[in-house]
Amino acid sequence: MTHVGLEHYLIVSALLFALGLLGVITRRNLLVMYMSLELMLNSANLALVSFSRFNDNLNGQVMVFFIITVAAAEVAVGLALIVALYRKRQSAHVEDLTSMKY
Amino acid sequence: MNLSLMSLEISVVVLGIVVLLADLWMPAERKRMLGYAAAAALGLLFVNTFVGQCSCNSDGTTAGGMFIQDAFSGFFKRFFLLAAALVLVLAVEFSDRIAAGVSEYYSLIIFALAGMLFAASANDFTMLFVSIELITITFYVLTIFTRGKVTSLEAGVKYLILGALSSAFMIYGIALVWGTTGKFNFNELAAVSSQFAENKLFLFGVLFILVGLGFKIAAFPFQMWTPDVYQGAPTPTAAFLAVGSKAAGFVLLLRFLFVAIPSVTAHWDKLLIIVSAITILYGNLCAIPQRNLKRLLGYSSIAHAGYLLLGVAALTGAGQAAVLYYLGGYLFTTLAAFAVIAIAMRHLDSEDIGGLAGLHQRSPLLAATLTIAMVSLAGIPPLAGFFGKFLLLKAVIEQGATNHGYYCLAFTALVGVVISLYYYFGVVRAIYFSKETPDAPPITMSLPAKLVIVICLAGMFYLGLFPSKMLNLASEATFALGLIAR
């Protein structure tokens, strides 16, 4: 067993971030895109917590609480928005969002 | 913790809660008054910043250095208060098109204002993140407030996905910057940032934070949301988005670049020059074929983000002061244009430019206001837009000796101004020279709406003809920010 250091945590967090970004770019369902966005936010949380653990500085973990709170508010508003759109259009796909073009 | 430094923010938040509660006891037909009362309260707070005891005239930091109060944040707080007061009056004009929850609409505008006031005072990444999210999440709701319209919902969803994406980038950037330096506070970060100027992880973090801020100001390549959201959102929301949200992005951008990481910013002039030039060209070129007035203003707002970035790219105190001055002129000009849209196009389904035909017969005042706003946006003397553009270009050309890219940038900006003349005057032509003039009745306006129009007109002329007072305010504000050492 090799020792698990800061860089391992950071690599996992970067992978999570990249996966989330890939999901937002390639998926066409709004709910899945929104899930991927949450993954990106949580990858930042992982990075903050691991930096905090290895640098012996608790400020990063305090920041994580702020991020979780803000993300919760964002999800509440975002899901309500997607539901409102679904009721109107019976679809949660981005391809159907085409009413505005020049 | 010194709460007196935050008294302005606290009173704005309390006002928002009072509006929300007053709604419970207010009979439906008197809800209009609630909006006017809130606008009047914000107007009083604005006047109070000049004549009375206001926390935004003091200096100091509180909340462990997270919250800073200086001339720079004072300048922006006045800006945001005035913008929100004018937007609230527009919201009352617009209220008959909102199906339910008019008072919530007013109070959300006030909460967004609170976020902007905190953004003006943010001196710490935590404060930066929380205030920017308070603004953005509030705007998601404000954008979809006309739920019956598909365009409004679509605009909201586009704003939501792209906004959440940019905040994910920003928060990851903050994590990287904090992880490498161990500092959240801007002043502490400034002391150590020069040691990290070669650290890849740190520079990636800075770049990611700039993604988040670039989204807020609608700079290329994070501008995709702007036209759709401006077109779909209710008109007062679009107006507040154009003025308040953009200015909040700039206050954070200036403080982040010139207070937190001045030693890194000094090497990034090329990046800023390129972003600014492309933003100007993109906004102006894409605006040419537009037929929807709000969409046109969306593209024009991208172009103006580019002009404002000229002052940031100059990396001098003069450039920063020019940004502040330009934002002041932009406030009156943009709010005037959106006020005319909200009032004159109330009976139309879409905001097609053709709907302006015959406006000069229906209401000479509105026609003249929209014309003057377009002329000021194009940057023709003697209006506010001209002097602002002049200052920005002057600041850039003065820097030309250090880097010849600045000359190219100034040239690009001039090309952009020439292109913009075409579509701005297309709007003026639609007002006065349309072939078919429909037999529409004259437009009647409420007294507060007239007041907003007059304030915007007065502001455009005052800033264009007597720039010295505003320029002093702007220079004082940038002096507090501290000049960049080169």
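1. Helix H12 of chain B passes helix H18 of chain B in a left-handed crossing, left-handed being the case where the near helix is turned anticlockwise from the far one by less than a right angle, and right-handed the clockwise case. In this predicted model, H12(B) covers residues 269–287 and H18(B) residues 405–432, and their axes come within 9 Å and cross at roughly 15°. That makes H12(B) roughly parallel to H18(B). Angles under 35 degrees count as roughly parallel, over 145 as roughly antiparallel, 65 to 115 as roughly perpendicular, and the rest as oblique. The axes are lines fitted to C-alpha atoms, for helices over the stretch in contact, with angles running from 0 to 180 degrees between N-to-C directions. Helices (H or I, at least four residues) and strands (E, at least two) are DSSP runs numbered from the N terminus.

2. Which residues meet across this pair? On the H12(B) side they include Ile273(B), Ala277(B), Ile280(B) and Leu281(B), and on the H18(B) side Leu409(B), Ala413(B), Gly416(B) and Ile419(B) are among them. Contact here means C-beta atoms, placed from the backbone, within 7 Å.

3. Because the model is predicted, local features need pLDDT of at least 70 and side-chain atom pairs count only at pLDDT 80 or more, whereas totals for chains, interfaces and linings use all residues.

4. Do have a look at H2(B) and H3(B) too. Helix H2(B) (residues 31–51) and helix H3(B) (residues 71–94) have axes that come within 9 Å and cross at roughly 160°. That makes H2(B) roughly antiparallel to H3(B), and their crossing is left-handed. Residues of H2(B) including Ala38(B), Leu42(B) and Phe46(B) meet residues of H3(B) including Leu81(B), Ala85(B) and Leu88(B).

5. H3(B) has 24 residues and reaches 35 Å from its first C-alpha to its last, close to the 34 Å expected; the expected span is 1.5 Å times one less than the number of residues.

6. Chain B as a whole has 20 helices and 2 strands. Its radius of gyration is 21 Å, close to the 23 Å that the globule rule gives for 486 residues, so chain B is as compact as a globular protein of that length. The radius is taken over C-alpha atoms, and the rule is 2.2 Å times the number of residues to the power 0.38. Of the 486 residues, 61% count as buried.

7. Between the chains, 34 residues of chain A are in contact with 36 residues of chain B. H3(A) gives the most to the chain A side, with 16 residues.

8. Thr126(B) is worth a glance: this residue lies in helix H5(B), residues 125–143. Is it buried or exposed? With 21 C-beta neighbours inside 10 Å, Thr126(B) counts as buried. Leaving aside residues up to four places away in sequence, Thr126(B) touches Met63(A), Phe66(A), Met66(B) and Phe184(B).

Note on methods:
Residues are numbered from 1 along each chain as its sequence is written. Chains are lettered from A and ligands numbered from 1 in the order in which they are written. A residue is buried if 20 or more other C-beta atoms lie within 10 Å of its own, exposed if 12 or fewer, and partly exposed in between; C-beta atoms are placed from the backbone. Two residues are in contact if their C-beta atoms, placed from the backbone, lie within 7 Å.
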